[in-house]
Amino acid sequence: MSIDTPRPVAFVDDDAVLREANAQTLRLAGFEPFLFESAVEALKAIDERFPGVVITDLRMPRIDGMELFRTLRARDPDLPVIMITGHGDIATAVEAMREGAYDFLPKPFASDRLIQSVRRATEKRALVMENRRLRQAAEEAHAPSPLLGDAPAMERLRETLKAVADADVDVMIVGETGTGKELVADQLHHLGRRRSGRFVALNCGALPETVLESELFGHESGAFTGALKKRVGLIEHSSGGTLFLDEIESMPLSAQARLLRVLEQREITPLGSNTARQVDLRVVAAAKSDLGSSAHKASFREDLFHRLNVVTLRIPPLRERQEDVPLLFAVYLDRACRRFQREVPMLTPAVRHHLASHDWPGNVREIVHFAERVALGLAEIDLAATGKASPPSAGPQGASLPERLERYEADLIREVLTQHKGDVRASLEALGIPRKTFYDKLTKYGINRASFEAEEP
């Protein structure tokens with residue numbers, strides 16, 4: 001549901017006049033009311049998929065508000081339920097709050113008090129529904145291809161991989177740091193007939209020139225000082241499989257010349273040997289940028305570029321597929337929580353703001369690290385330290401300054417309770433307020449401290 005779509009509010013009351021009056025109040029405040037004259041009708045329409053808030057009168061025939069609340073809570077413990085009570089029902093309403101009701105409104109209540117409570121409950125419900133959507137996306141993401149993303153560019157990339165996997169052509173992968181070039185190369189290997197052979201990877205920028213040539217082409221015993229025994233090079237080792245050369249733009253020109261000959265002849269002559277050996281070779285090379293550009297003319301052989309550039313796969317950076325960020329984050333957050341044996345946390349406004357506004361220069365690698373820090377509870381600290389936390393929400397358009405301040409104060413209390421898992425002492429120290437003031441504010445904002453406590457294992 002988009003931000004501009006009115007949030008639904010279910011209003012349950014057997015008094016038709018009260019239903020219509022409050023429906024008008026809710027519409028004027030930008031909500032979409034759904035009216036029910038009985039709990040029976042409400043239960044037919046509301047389940048765990050309901051994205052809004054429930055308001056119910058406490059005293060109703062057949063099924064009263066308390067029974068309705070308990071039934072809805074059994075269906076979805078995170079569904080906010082606001083109770084409407086008469087003067088004689090305050091004790092029952094307090095009991096409902098202890099059991100997890102979001103708020104209660106004693107009759108007669110002012111319309112602004114109703115709207116204030118509904119707005120807070122709606123924000124909480126939106127966070128819950130967003131987290132559920134992300135978890136579902138993470139579960140659905142365990143597809144045959146680990147190349148995640150629904151953006152058209154990723155769809156085209158997956159289709160191209162399937163098309164060329166069985167073709168014995170060398171492939172060039174172009175993508176910024178952190179986009180997953182090795183993952184694409186690995187997929188290309190495992191989708192084709194070479195899957196039974198080895199997938200051999202080498203980072204050309206990680207080794208000095210002399211070591212790189214020995215690693216690639218191999219050497220005979222005594223070929224150079226220190227060559228005490230024969231070594232099979234990675235090219236020969238990958239015969240029948242796939243050789244992945246990452247950061248090939250870093251390969252020295254001398255090694256480029258030897259590699260070009262290997263690609264043209266499909267044979268390898270190790271250092272110190274005069275005998276060429278045939279190899280069944282497929283090379284997948286990766287670079288951060290287009291090697292055919294003028295910037296690489298002096299450092300990369302044009303003939304080698306054209307030999308490798310039979311098929312080019314471009315991996316788009318995350319800033320070009322921002323729509324994939326929520327899915328990627330959900331998947332890696334789920335994996336991080338499993339790895340660290342943590343519960344998947346609720347996303348705070350600061351984390352949501354960062355996901356929506358950041359351009360991810362480190363691409364998928366950066367989002368993996370961010371998800372890990374969210375799982376460990378460190379992301380909020382990072383965002384606050386760098387000044388990237390989201391600004392406090394100004395509230396709905398037209399809200400007064402006191403309303404905006406109250407909203408910010410309530411959000412801050414909820415964030416502290418979340419960080420300290422409902423622990424009162426730790427929350428008091430973090431907020432720097434007296435105990436009585438703390439409990440007064442919990443009551444004022446309808447915050448149920450117990451709902452923030454960690455569940456027993």
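A salt bridge is a side-chain nitrogen of Lys or Arg within 4 Å of a carboxyl oxygen of Asp or Glu. The legends below concern a predicted model, which holds 27 salt bridges.

**Figure 1. Glu-236 pairs with Arg-277.** In this salt bridge the closest N and O atoms are 3.0 Å apart. Glu-236 belongs to helix α9 and Arg-277 to strand β10 (residues 277-278), so the pair ties together parts that are 41 residues apart in sequence. Arg-277 has a relative accessibility of 22% and therefore counts as partly exposed.

**Figure 2. Arg-231 pairs with Glu-215.** The closest N and O atoms of this salt bridge lie 2.9 Å apart. Because Arg-231 sits in the loop between α8 (209-217) and α9 (234-237) while Glu-215 is in helix α8, the pair ties together parts that are 16 residues apart in sequence. Arg-231 is partly exposed, its relative accessible area being 34%.

**Figure 3. Glu-249 pairs with Lys-288.** Here the closest N and O atoms of the salt bridge are 3.6 Å apart. The two residues link distant parts of the chain, 39 residues apart: Glu-249 is in the loop between β8 (242-246) and α10 (253-265), and Lys-288 is in the loop between β11 (283-287) and α11 (302-308). With a relative accessible area of 18%, Glu-249 is buried, whereas Lys-288, at 35%, is partly exposed.

**Figure 4. Four residues are linked in a network of salt bridges.** The members of this network are Asp-168, Arg-193, Arg-194 and Asp-280. Side chains of opposite charge can pair when their charged atoms come close.

Definitions and conventions
Residues numbered from 1 in each chain as written. Predicted model: local features only at pLDDT ≥ 70, side-chain atom pairs only at ≥ 80, totals over all residues. Heavy atoms only, no water. Helix = DSSP H or I, 4+ residues; strand = E, 2+ residues; numbered from the N terminus. Buried < 20%, exposed > 50% of the residue type's maximum accessible area, 1.4 Å probe, protein only.
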